[in-house]
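User: I've got a structure open and would like to talk it through with you. Could you take my questions one by one?

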Amino acid sequence: MSQIVRRKWMFVPAYLAIHLFLDWISFIHAVSSINITPWNPPAGLMMGVSVLLGVRAVPLVWLALTAADLVVRDLPVTLLPMTLWAPFLANGVVALGYGVAGWLLRRAIDPGLSRLRDIVLLLGGSAAAVLGIGLCFIAIHTAAGLFEWTNFPEVLLRYWTGEVIGIAVLTPLVLIGRRMPALRWSWSGAAETLAQGGLIGFTLWLDFGPLASSQYEHFYLLFLPSIAIAVRHGLVGAVVASVATQAGLIAAIQATGVDTDRMAHFQLLMLTLAVTILLLGAVVSERRRAEDRLRVRQSDLAHASRLIEAGEMTAALAHELNQPLAATMGYARAARKVARLEGASPRLTEILDKTVTQAERADRVIRSLRDFVRKGASDRAPLSVATLIADCLTLAGPLASRHAVEIVAEIDPALPAPLPTVDGDAVQLQQAILNLVRNAAEAMGEVADGGPSAQAPRRRIVIFACPAAQPGFVAIGVRDTGPGLAEVVERNLFAPFVTTKPTGMGLGLSIVRTIVESHGGTLTARSRTDGGPIGGTVFQFTIPAHAAGKNGEPA
């Protein structure tokens, strides 16, 4: 407990020191003597801490703001209390506003900024909060005689823009900095970082160096290295690039002596740059997370497929071994009986007794294994038909690319809107549909490799859903434009270990049938006779609708 208390007490002076340092280096081109600057990084620090701590951050933020007024802006402590009311009250309004805004944002977003939605809510919520805080902050100082009321809109815009820039640049760094992985040294990483930093420096030199013009037309070149870093490293790279770019901008503005009159223009450009980089980095990171989830999902499905194939093979082997094992037991019992009738040696009789005992034990093991495989439990839950088919389309994407086929979805208009839900195990049903899609793709691949049959008009697979003939059920299936079913294959279509593929195991359709029947449905197959393209096969299975009523209609 003492260590936790010690960390809390260390946090307060550390926060105050960082706040004062950021305030000191960014107190440039200020409006009057208060902290209205082109880029206000303390605002980003305040918002980040407020999101993490909520209203508990209010006293700490007020203390930091007041200390900055005393240290950075030389607020005299000898002033009369009636003169000090304006900065103390304004700082209280800012601290309370940031605390409440941080508390509300924490309830709406993930502090780790794991989604694009979190970034949008952070920026939008912060912008709205800063506008309300700025109205009160500027009004208090205007009432104290620091500004003219006619300048109120201009001062408010300068204040709002500087605060939002600071939040857009520094708050994401505060929030995701806690979860950043430890940096690992490598020559390639160091070279890449130096190259990216050099590119940012080069674009700053083009905009503010000897080649710069009074209009600063080259400013948008700064977007190029920042965008490249965001695309390469996602949100973390975007945040670091934004901090480096904004710091370089402020340093360049100070070094070249940009007129204060142009600062409003630069503020808007800096805000645009910061928001663009942040949103792009969030999009890239979210896309990568989606791809990672898809890879994990595909791995899970592949694992489930291997388990199902192993189970199906086990059931088939158990069935095939049952008959010779029963014959073995019969012969062993007969041999034991003959040995006893003919007075064979006790040792032979003992051996035959043990043989019969072990054969009976093997029979019990195989029967138990077969029952376990065929009656194993599954994770059933209500599933949306639309979601099930959409997930299958996503998971079948690599399959479509590998076999050069088009895979689409088709929903029968006769199905009610919204689409019904079904009771089933999501992974098993997805595996059943993907097995059918894989069979269709491989069948059309064999046609394409076979010469004349490759003249088929389209290599197309349709995952469809339609009403089932049986009330209370939904039909889901796959149809293709392949060669159709051969007669010899159609007779043994769902039998295990029956296949026409050189490397096939003959378990795919058997697995699909097992999954469908375990869900209470039926699987059928037919060659297309609807006047469609040459050839083609339709596999269709039924699945019970969720919460079917007494009359068989889905509830």
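User: Is Thr171 buried or exposed?
Analyst: Keep in mind that this is a predicted model. Thr171 is found in helix α6. Buried means under 20% relative accessible area, and the value for Thr171 is 0%. So Thr171 counts as buried.

User: What about Thr161, and which residues does it touch beyond four places in sequence?
Analyst: Thr161 is found in helix α6 too, which covers residues 152-177. Its relative accessibility is 2%, so Thr161 counts as buried. Not counting residues up to four places away, it touches Gln267, Leu268 and Leu271.

User: How do the axes of α7 and α8 cross: parallel, perpendicular or oblique?
Analyst: α7 spans residues 187-208 and α8 spans residues 223-256; their axes come within 10 Å and cross at roughly 40°. Angles under 35 degrees would count as roughly parallel, and 65 to 115 as roughly perpendicular. That makes α7 oblique to α8.

User: And is that crossing of α7 and α8 left-handed or right-handed?
Analyst: Here you'd look at which way the near helix is turned from the far one, with clockwise by less than a right angle being right-handed. For α7 and α8, the crossing is right-handed.

User: How do the residues of the α7 contact with α8 divide into nonpolar, polar and charged?
Analyst: On the α7 side, the residues include Glu192, Leu199 and Phe208. Over on α8, Arg232, His233 and Leu249 are among them. The contact divides into ten nonpolar, six polar and two charged.

User: Which residues of α7 are buried?
Analyst: For scale, α7 has 22 residues and reaches 31 Å from first C-alpha to last, close to the 32 Å expected. Gln196, Ile200, Thr203, Leu204 and Phe208 are among the α7 residues that meet α8. Those turn up in the buried set as well, which is Ala190, Gln196, Ile200, Thr203, Leu204, Leu206, Asp207 and Phe208.

How values were computed: Residues numbered from 1 in each chain as written. Predicted model: local features only at pLDDT ≥ 70, side-chain atom pairs only at ≥ 80, totals over all residues. Heavy atoms only, no water. Axes fitted to C-alpha atoms, helices over the stretch in contact; angles between N-to-C directions. Helix = DSSP H or I, 4+ residues; strand = E, 2+ residues; numbered from the N terminus. Parallel < 35°, antiparallel > 145°, perpendicular 65-115°, else oblique. Contact = heavy atoms within 4.5 Å. Nonpolar A, V, L, I, M, F, W, Y, C, P; charged D, E, K, R; others polar. Expected span 1.5 Å × (residues − 1). Buried < 20%, exposed > 50% of the residue type's maximum accessible area, 1.4 Å probe, protein only.
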